[in-house]
Amino acid sequence: MNRILLADDDIELSDLLVEYLTGEDFVVDAAYDGKTALQLASANQYDLLILDVMMPHLNGFDVLRELRSTSSLPVLMLTARGDDVDNVVGLELGADDYLAKPCSPRVLVAHIRAILRRTDTTNTKQHQPSRSIELDDIVLDNQSRQVTVNNKLVMLTSTEYQVLEYLLEHAGSIVNKEALYEYALGRKISPYDRSLDMHVSNLRKKLGPLSNEIERIKTIRKVGYQYVRSTHE
Amino acid sequence: MNSLFWKIFITFWFALLLFTALSLTYTSHYLKKTRSEIDTSQPRIHLQNHIAEASRIAQSQGIDGVRKWLIKLDNEVAVPHLLIDENGKDLLNREVPNRIIRRINRRNARYDYFSDDNDQAENSNHDDHEHKRRTRHRPIIIDQMRYRLVPDHRSITLDRVLNRPKVITIPLIVATLISGIICFLLARYLTSPLSRLRAATSAMAKGNLDYRVAHTMGKRKDEIVELAIDFDNMATQLQKLLSSHKQLLRDASHELRSPLARLQVALGLAQKKSNGKIDKELSRIELETERLNELIGQLLSLARLETNTSEIQFEKINLATLLTEVVDDAQYEAVSKQKQVNLKNKVECQIKGNPMLLKSAIENVIRNAIRYTEENTSVDITMQTTDNNQMLIQIKDHGPGIEENMIDKIFEPFVRTSSARDRQSGGYGLGLTIAKRAISLHKGEITAKNNTQSGMSVLIQLPYMEANI
């Protein structure tokens with residue numbers, strides 16, 4: 001059973017959500033403000049944090065910023081619907097995915113499961129053979145889910161890791177956007193959703209360019225992305 | 001003294017006083033100077049010169065020349081000079097006062113007594129004064145007639161002085177300049193704050209409620225400044241009212257979301273527990289909840305566009321790239337409805353704008369077009385530049401079009417056309433209103449028209465910075 005921390009200042013909504021999510025076989029703790037959420041997150045072992053942006057004292061972004069300095073706990077942001085800025089900021093700060101609020105609880109559960117599926121390390125360890133991908137200066141170890149560039153560890157969120165893994169597996173060839181989206185975010189791409197672009201842009205920032213100053217991940221318009229190999233290969 | 005009334009009153013009064021005083025001073029000074037010349041030797045030399053000149057002209061040009069010269073002299077000097085013949089008549093037929101005739105007669109008698117003109121050389125060692133006297137009163141001979149040039153000091157009148165252009169020109173110029181300068185300064189003083197005030201009102205009429213004018217008035221304190229202060233107060237008040245109105249809309253929309261979020265979760269719980277008995281009703285509730293949600297979202301977007309517009313940041317955007325992204329996204333939606341979205345051509349161009357807002361504006365228009373275009377048809381989008389540095393984006397659908405009288409109204413909130421199809425689909429809602437707001441924030445324009453064949457076109461015009469055509 002997966003443990004989820006729900007941080008939302010709307011107590012009545014939290015109660016309803018706890019009831020609903022419990023019914024979906026999750027163990028849910030609720031925090032009604034940012035500080036409590038941070039305390040609970042550091043004191044307990046959660047599989048996912050559902051984080052509302054609008055909270056008193058410490059808002060969702062502040063919590064996420066603080067959390068990311070110490071932990072890579074998967075985070076699903078609940079943003080105000082129609083506020084694209086919130087989505088972008090959330091993803092930039094290292095959220096794994098976002099969901100516009102209000103939303104149907106079924107959609108919420110689908111998002112939760114998608115994130116859990118790809119971050120469930122115990123699962124992947126059992127089913128996937130231990131292997132690592134090495135390409136130029138980058139090493140991706142799927143056992144520990146760690147990535148190093150020039151032997152320096154790069155902190156990636158689970159979504160960014162998924163994106164990179166998929167791109168590296170298909171390095172040199174063009175990756176279809178829909179497929180990458182489904183692999184990385186665990187659900188089908190929807191129109192007007194720019195979150196994949198955000199994750200890729202975060203990845204570019206974190207990895208930096210190749211040694212010959214060439215951008216690692218190329219955008220292929222209308223199709224998707226391509227991880228560029230160093231030319232000498 | 002600070003009031004405009006007193007400023008105008010005092011300035012005019014002062015200008016008139018100054019003008020009158022200056023004219024009076026100058027004329028009286030002139031008169032005094034001219035009169036005082038009687039007692040000094042200066043005018044005697046003048047008179048000798050005049051006589052010498054007259055004699056010279058008489059010899060060379062005859063009586064007509066002398067007449068012309070006399071008229072000229074009369075115009076130039078304030079003291080009238082009479083040229084009197086032996087019969088006591090003036091050459092210009094002016095009236096000769098009796099006292100002058102008496103004086104001439106007296107003088108003639110005396111000269112005859114002393115000596116003839118022929119004895120002049122012998123008598124040259126006479127009293128010097130007497131010699132001067134004689135040369136001064138030497139007659140001018142014209143056509144064998146003896147004339148005497150006599151200045152008539154007593155006949156100087158103000159009227160005569162003012163009628164001499166040479167005399168009146170200087171004070172006239174001075175008066176014109178002084179009064180001109182004063183009036184110019186006054187007029188500028190009065191109208192320059194008024195034109196600033198006018199700029200403020202026209203800025204406000206254009207919807208710029210941030211414009212304030214009182215601080216441009218400097219240190220002055222009068223009715224105009226009071227008007228400016230009142231204007232600023234009015235603008236502030238108006239701004240407050242309007243922003244509180246918009247804030248209310250924003251807050252209300254926002255607050256509506258909390259119960260809606262709870263409603264959705266409660267609905268989810270109900271769906272789980274109903275065991276299929278009331279699924280139909282529940283999914284209806286879900287649909288309506290989603291519609292409500294959409295509507296609140298649009299209201300919020302609109303409220304956001306109308307409130308903190310000053311916080312919106314503008315940057316250089318490649319419009320073609322932005323349009324391509326929006327079209328690519330819209331294509332996903334269109335395909336699921338057996339429709340197409342085609343970007344027919346691309347014109348590379350840079351514009352200044354907020355990418356998020358522009359995207360949502362164009363997206364709203366395209367989604368609207370997708371909704372109305374018939375199945376198996378496409379929404380066609382073209383870009384072209386216009387003569388006045390504007391980029392024109394045309395979004396053309398193949399739908400039912402729109403009634404002519406509704407064309408301008410579709411950009412207003414919640415407008416419904418009378419077509420049954422529209423009633424069913426819920427009208428235009430807020431999408432086009434949001435688009436219009438966002439486009440006008442970019443100093444652009446959005447209009448609609450019916451196509452000649454079928455459907456409707458929405459035209460978006462945006463000013464661009466540079467374009468590669």
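Student: How much area is buried between chain B and chain A, and what percentage of it do carbon and sulfur atoms give?

Tutor: A quick word on conventions: this is a predicted model, where local features need pLDDT of at least 70 and side-chain atom pairs count only at pLDDT 80 or more, while totals for chains, interfaces and linings use all residues. Residues are numbered from 1 along each chain as its sequence is written, chains are lettered from A and ligands numbered from 1 in the order written, and side-chain values use heavy atoms, with hydrogens and water left out.

Now the interface. About 2,700 Å² is buried between chain B and chain A, with carbon and sulfur atoms giving 54% of that; buried area here is the accessible area (1.4 Å probe) that two parts lose on being put together, summed over both. On the chain B side, the residues losing the most area to chain A are R262(B), V265(B) and Y332(B), which together account for 21% of what that side buries. As for who takes part, chain B brings 31 residues to the contact and chain A brings 30, contact meaning heavy atoms within 4.5 Å.

Side chains of opposite charge can pair when their charged atoms come close. The rule finds 4 salt bridges across the interface of chain B and chain A, taking a salt bridge as a side-chain nitrogen of Lys or Arg within 4 Å of a carboxyl oxygen of Asp or Glu. R106(A) and E286(B) make a salt bridge through their side chains, at 2.5 Å from N to O.

In chain B, E333(B), K337(B), E363(B) and R367(B) are tied into a network of them. D90(B) and R94(B) pair at 2.7 Å, N to O; D90(B) is buried at 4% relative accessibility, whereas R94(B) is partly exposed at 21% (buried is under 20% relative accessible area, exposed over 50%, partly exposed in between, with a 1.4 Å probe and protein chains only).

Chain A has its own pairs. The side chains of D62(A) and R65(A) form a salt bridge at 3.3 Å, N to O. These two sit 3 residues apart in helix α3 (residues 60-68) of chain A, so about one helical turn separates them. D62(A) is partly exposed at 25%, and R65(A) is partly exposed too, at 47%. K205(A) and E92(A) form another salt bridge, at 3.9 Å from N to O. That pair links distant parts of the chain, 113 residues apart, with K205(A) in helix α9 (residues 195-207) and E92(A) in helix α4 (residues 84-92) of chain A. K205(A) is exposed at 56%; E92(A) is partly exposed at 44%.

Chain B has 12 helices and 11 strands, and chain A has 9 helices and 12 strands (DSSP runs numbered from the N terminus: helices are H or I, at least four residues; strands are E, at least two). Buried residues are 39% of the 469 in chain B and 52% of the 233 in chain A.
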